[in-house]
Amino acid sequence: MPDTRLNHVVAVARAGTFTAAASLAGVTQSAITRSIADLERQVGYSIFVRTSRGAIPTEQGRDFVERAQKLIEDTQDLLRRPHGSEDAYAGVLRIGVCPASMEFCLIEPVAQLLEKHASIRVDVNGTTFERAVQQVRNGSIDVAVGFEAAFADWPDIRRQRVSIDDDVGALFVRRGHPLLEVRRPTPKLLAKYDFVSPSDSRPYGATVKALYEDQGVDWRKRVHVVDFFPLVKKIVATTDSIGVMMAGVADRSASFRNQFVTLDTNPFSTPSPMCCAVRARWDVRPAVRAFISIMQRGSAARHKHG
């Protein structure tokens with residue numbers, strides 16, 4: 001059984017204060033305080049920052065809480081169907097999407113999944129590449145949907161490609177941008193403007209960094225790292241910054257095309273296929289397998305009819 005202290009740390013994260021957590025867990029506040037202190041001594045770092053307004057998870061603490069929550073829920077899930085007599089698909093399926101602007105890719109797959117397996121409850125969150133890698137590795141999400149290149153360096157993550165199209169990045173600017181007066185802007189010209197990138201790592205971030213470095217420019221002074229696409233669009237719409245997105249995004253929105261223009265030049269010449277990423281050392285649950293299968297069938301259908 002999971003350590004009782006894990007229930008206490010999750011209660012503090014949910015309630016926001018030690019006092020409220022004690023009420024939630026049905027114990028005294030001193031018991032909660034001792035549990036958290038014991039855990040922090042054992043792991044060697046602070047799980048929470050204590051403030052006058054309550055307890056806030058630290059960066060390491062947030063990961064600890066997520067893993068603790070997953071362990072508790074997995075245990076509850078195991079005990080609910082000890083003999084496999086209940087619906088094997090029942091429960092929460094945690095899906096991370098990176099970058100967050102790619103959440104539209106899940107509209108049809110999730111609808112099909114729930115139509116076929118009504119007992120599944122989905123928890124979908126847009127996140128960064130870096131965060132998705134961390135969450136897959138520590139088990140706080142069941143599956144991540146993102147660019148294959150983002151997960152390539154982690155041997156403990158298994159990737160299953162779900163896109164067989166040539167998924168490449170694209171650059172876009174606001175209508176009226178000075179770059180639109182140039183037929184094919186050179187890398188030197190592009191480097192004169194700020195970029196808004198979903199990440200500072202692969203596949204987008206590395207290419208943007210190289211573009212600046214090749215021109216002798218410090219990319220840290222020129223790149224906004226923003227994964228929330230509405231904010232990306234706002235920055236691009238109100239400045240001369242260059243936005244980064246997947247090439248197919250513009251084709252899906254008339255309002256996007258009315259406000260922005262995709263540049264003819266494209267530094268993202270290498271395709272970045274999408275994949276589903278899971279932990280390599282764990283057998284995935286039936287719900288995860290069903291979701292990945294639907295994602296793969298959808299990609300194959302788009303390729304066949306596209």
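How many residues does the hairpin use to join S1 to S2? The first close-up takes that up; every view here comes from a predicted model.

**View 1. A hairpin links strands S1 and S2.**
The answer is 2 residues: that is what the hairpin has between S1 and S2. S1 covers residues 48-51 and S2 covers residues 54-57, and the two run antiparallel with 4 bridges joining them.

H3 runs over residues 29-43. Look for Ala31, Ile32, Ser35, Ile36, Leu39 and Glu40, which are the buried residues of H3. They sit on the same side of the helix, because the arc they cover around the axis is only 165°. Turned away from that buried side is a face with the exposed residues Arg34 and Arg41. After H3 comes Gly44, with a positive phi near 85°.

Gln29 belongs to helix H3. Its relative accessibility is 39%, so Gln29 counts as partly exposed. Along the chain, Gln29 and Thr19 are 10 residues apart, while their C-alpha atoms are separated by 5.5 Å.

**View 2. Helix H2 also shows two faces.**
In H2, residues 18-25, the buried residues are Phe18, Ala21 and Ala22. Seen down the helix axis, these buried residues stay within an arc of 105°, so they line one face of H2. Ser23 and Leu24 are exposed, and they are carried on the face turned away from the buried side.

You'll find Asn7 in H1, the helix of residues 4-15. With a relative accessible area of 38%, Asn7 is partly exposed. Gln69 is 62 residues away from Asn7 in sequence, yet the two are 7.9 Å apart in space, going from C-alpha to C-alpha.

Is S5 buried or exposed? Of its 5 residues (143-147), 5 are buried, so S5 is largely enclosed by the rest of the structure. S3 (residues 91-98) runs parallel to S5, and 4 bridges join the two. One spot to check is Gly96, which stands opposite Ala144 in S5. S12 (residues 274-279) runs antiparallel to S5, again with 4 bridges. There, Val145 has Cys276 of S12 as its bridge partner. As a reading tip for strands, side chains in a regular strand alternate between the two faces of the sheet.

**View 3. A look inside the largest cavity.**
The count of cavities of 30 Å³ or more comes to 1. The largest cavity holds about 50 Å³ of space. Its lining is made up of Pro99, Ser101, Pro198, Val226, Asp227, Phe228, Phe229, Val232, Val244 and Met245. Helix H10 (229-238) and strand S10 (242-246) are the elements that give two or more residues to this lining. By type, the lining residues divide into 8 nonpolar, 1 polar and 1 charged.

Definitions and conventions:
Residues are numbered from 1 along each chain as its sequence is written. This is a predicted model: local features need pLDDT of at least 70, side-chain atom pairs count only at pLDDT 80 or more; totals for chains, interfaces and linings use all residues. Side-chain values use heavy atoms; hydrogens and water are left out. Two strands pair if DSSP finds at least two bridges between them. The expected span of a helix is 1.5 Å times one less than its number of residues. Buried means under 20% relative accessible area, exposed over 50%, partly exposed in between (1.4 Å probe, protein chains only). The arc is that of the directions from the helix axis to the C-beta atoms. On a 1 Å grid over the protein atoms alone, a cavity is a set of points where a 1.4 Å probe fits but cannot get out, and a pocket is an open set with protein on both sides within 12 Å along at least five of seven lines; lining residues have an atom within 4 Å of a point. Grid points are joined across faces, edges and corners, and a volume is the space filled by probe spheres set on the points. Ala, Val, Leu, Ile, Met, Phe, Trp, Tyr, Cys and Pro count as nonpolar, Asp, Glu, Lys and Arg as charged, and the others, Gly among them, as polar.
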